[in-house]
Amino acid sequence: MAEVIDLQGRKGKERRIAEGRARRRAEAVASSLSCGMCPRRCAHCGQPAEFVAPPPMDAPYPFCEVCQEEYEAFRRLEKGGEPEAFWHTPQWATTWRTWLAHMQANQEFRGSPAFLKLMEEHLD
Ligand SMILES: [Zn+2]
């Protein structure tokens, strides 16, 4: 009988460890998706910023003044414009393109049933 109780105790401990691990993974997923969501920080560079202009329609993220200028230069370049600075290279444009795709993917995942279930099951 003592062995049965011990076995139940071990299974309970294993279950608590598995629940703790699942909770930490859920927290990591939620944390990784919150980058760029701070209300008083630039979504792109993370610097504290005062936002006076509404986010651009085609990139609904709050940018600091400098990132807003860079974003607009990127958009002009994407529409066939000329580079406006020496660093406005194809690689620079790729960083903007992939950052925007990353932010869009985060937004879509945050709204997905799988993400909502993960948060319901493992976070308060
Ligand atoms: Zn910025």
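Helices (H or I, at least four residues) and strands (E, at least two) are taken here as DSSP runs, numbered from the N terminus. This is a predicted model, where local features need pLDDT of at least 70 and side-chain atom pairs count only at pLDDT 80 or more, while totals for chains, interfaces and linings use all residues. Residue numbers start from 1 along each chain as its sequence is written.

View 1. You'll find four helices and zero strands here. The radius of gyration (over C-alpha atoms) is 22 Å, well over the 14 Å that the globule rule (2.2 Å times the number of residues to the power 0.38) gives for 124 residues, so the chain is more spread out than a compact globule. Its C-alpha trace spans about 80 × 30 × 25 Å along the principal axes.

**View 2. The largest nonpolar core.** Such a core is a set of buried Ala, Val, Leu, Ile, Met, Phe, Trp, Tyr and Cys residues joined through C-beta atoms within 7 Å. Buried means 20 or more other C-beta atoms within 10 Å of a residue's own, exposed means 12 or fewer, and partly exposed is in between, with C-beta atoms placed from the backbone. Nine residues make up this one, including Cys42, Phe63 and Trp96.

**View 3. Around Tyr71.** Leaving out residues up to four places away in sequence, Tyr71 touches Pro56, Ala59, Phe63 and Trp96; contact means backbone-placed C-beta atoms within 7 Å.

**View 4. Glu72 on helix α2.** Glu72 counts as partly exposed, because it has 14 C-beta neighbours inside 10 Å. Pro56 sits 16 residues from Glu72 in sequence and 9.0 Å away in space, C-alpha to C-alpha.

Notes. Two residues are in contact if their C-beta atoms, placed from the backbone, lie within 7 Å.
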